[in-house]
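Open the model in your viewer and keep the selection tool at hand.

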Amino acid sequence: MRLVVLPGDGIGPEIVAATEAVLEAASQRFQLGIATTRELAGQASIARYGRPVRPELVELVRAADALLLGPTSTLDYAGEPGPSAIFRKALDLFANIRPARTYPGLPGRLGAMDLVVVRENTEGFYADRNMAHGNADILVTEDVAIAIRKITREGSTRIARAGFELAMRRPRRRLSLVHKANVLTTSDGLFLAACRDVARDFPEVAVEEIIVDAMMAHLVRDPARFDVIVTTNMFGDILSDLTAEMSGSLGMGGSLNAGARHAMAQAAHGSAPDIAGRDLANPMSLVLSAAQLLEWHGRGRGEPRFGEAAKAIEQAVAACLAAGEKTRDVGGGKGTREVGAALVRRLSAPAAA
Ligand code: ATP
């Protein structure tokens with residue numbers, strides 16, 4: 001597996017270092033043969049090359065099997081696309097898959113849950129994603145602004161398919177379609193119609209349709225009820241921050257950006273400048289994202305040992321949480337480096353997990 005690793009900004013280098021060590025341990029135990037190329041993206045790349053991502057780097061990533069990207073700042077690119085947006089676009093990473101679950105060692109704020117938000121990633125209400133030229137967040141006059149939300153049948157169909165396929169791999173086989181078609185009758189109406197078409201191919205999956213505002217209430221009232229949640233871009237962005245926090249901390253928020261041929265592991269949170277360089281960041285978000293990446297790679301290649309490695313990493317996370325080997329954001333007292341080392345120890349000597 002040819003993996004490109006980009007440390008990113010803020011806490012990125014710290015949690016990427018911990019994640020690389022975990023991947024190295026997994027590679028050894030499961031003979032994954034991960035070959036890593038380390039490159040620069042984000043602020044470090046601007047300092048060295050004058051731009052957040054060099055065109056050669058995009059080509060390198062395109063030729064590789066997978067990408068691990070540390071968090072990059074959402075604010076520091078002066079309105080220009082940052083590394084995350086550049087790779088998402090260049091590799092057409094249309095599915096943003098964000099699991100949120102509790103563990104015995106981290107019971108969550110509102111009770112047990114184990115769900116996955118499957119968020120469309122290439123259109124919706126995002127100004128940078130829905131115009132061939134220009135920006136969809138428009139100032140009409142000094143006092144009037146409009147934004148354009150794009151929904152396509154193709155985008156809705158492929159995210160629905162990703163969601164149903166995921167639901168089929170999970171024991172409960174439940175799927176919630178989250179929308180606002182009662183108000184956005186045309187755009188969310190199209191989204192729902194496309195999802196219903198896909199649903200016909202998956203009769204084993206139990207489907208429900210929930211309006212996004214009601215969904216917030218249902219989630220905090222009974223999070224255990226939900227399994228796979230499929231939704232449009234901005235609803236998914238908001239919803240998945242809520243579910244990450246409900247699971248214990250943004251620092252537990254793993255995330256995979258997947259396309260037909262490429263995938264990028266990236267924590268659900270940002271670069272956390274408030275705690276950068278202080279050995280405080282929780283590395284588990286990116287470690288769990290890397291586990292998702294291994295599972296995705298193995299599934300695509302028909303190589304089950306990658307999926308086994310992903311499971312072993314999740315077990316090591318659960319064991320560390322249960323043993324109190326955790327960072328401050330999830331109620332522990334350990335540093336990023338110590339938690340990374342504990343994960344490696346448990347992964348390398350499974351009896352300890
Ligand atoms: P950015 O501008 O990069 O989006 P931000 O601080 O606005 O950064 P996040 O990075 O998502 O947004 O951080 C939100 C809050 O969650 C911050 O208080 C941050 O310290 C905390 N946080 C985020 N990630 C982690 C982590 N891995 N471990 C611990 N705390 C985290």
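For the residue classes used below, Ala, Val, Leu, Ile, Met, Phe, Trp, Tyr, Cys and Pro count as nonpolar, Asp, Glu, Lys and Arg as charged, and the others, Gly among them, as polar. The model is a predicted one.

**Stop 1: the second largest pocket.** This pocket holds about 1,100 Å³ of space. Select T74, S84, A85, R88 and R129, which are the closest to its centre of the 43 residues in the lining. Next colour α4, β4 and α8, the elements that give two or more residues to this lining. The largest share, 5 residues, comes from α4. By class, the lining has 17 nonpolar, 17 polar and 9 charged residues. Now colour domain 1 (1-94 + 254-353) and domain 2 (109-246): both give residues to the lining of the second largest pocket, so this pocket lies between them.

**Stop 2: the largest pocket.** Here the space is about 1,400 Å³. Of its 46 lining residues, select L166, R169, Q292, E295 and R299, the closest to the centre. Elements that each supply at least two lining residues include β5 (114-120), α5 (153-169) and α10 (304-322). Which element gives the largest share of the lining of the largest pocket? That is α9, with 10 residues. The class count for the largest pocket is 20 nonpolar, 9 polar and 17 charged residues. Keep the domain colours on: the largest pocket lies between domain 1 and domain 2, because both give residues to its lining.

**Stop 3: the cavities.** A search of the whole structure finds 2 cavities of 30 Å³ or more. For the largest cavity, with about 40 Å³ of space, select R98, P99, A100, S240, T243, A244, G253, G254 and A268. β4 (95-101) and α8 (233-246) each supply at least two residues of this lining. The lining of the largest cavity has 4 nonpolar, 4 polar and 1 charged residues.

Then move to the second largest cavity, which has about 30 Å³ of space. E120, E123, G124, I151, S156, F191, T232 and N233 line it. Its lining counts 2 nonpolar, 4 polar and 2 charged residues.

**Stop 4: helix α3.** Select residues 55-63 and show the side chains of L57, V58 and V61, which are buried. These residues cover an arc of only 105° around the axis, which puts them on the same side of α3.

Methods: Residues are numbered from 1 along each chain as its sequence is written. This is a predicted model: local features need pLDDT of at least 70, side-chain atom pairs count only at pLDDT 80 or more; totals for chains, interfaces and linings use all residues. Side-chain values use heavy atoms; hydrogens and water are left out. On a 1 Å grid over the protein atoms alone, a cavity is a set of points where a 1.4 Å probe fits but cannot get out, and a pocket is an open set with protein on both sides within 12 Å along at least five of seven lines; lining residues have an atom within 4 Å of a point. Grid points are joined across faces, edges and corners, and a volume is the space filled by probe spheres set on the points. Helices (H or I, at least four residues) and strands (E, at least two) are DSSP runs, numbered from the N terminus. Buried means under 20% relative accessible area, exposed over 50%, partly exposed in between (1.4 Å probe, protein chains only). The arc is that of the directions from the helix axis to the C-beta atoms. Domain bounds come from an automatic or database domain assignment.
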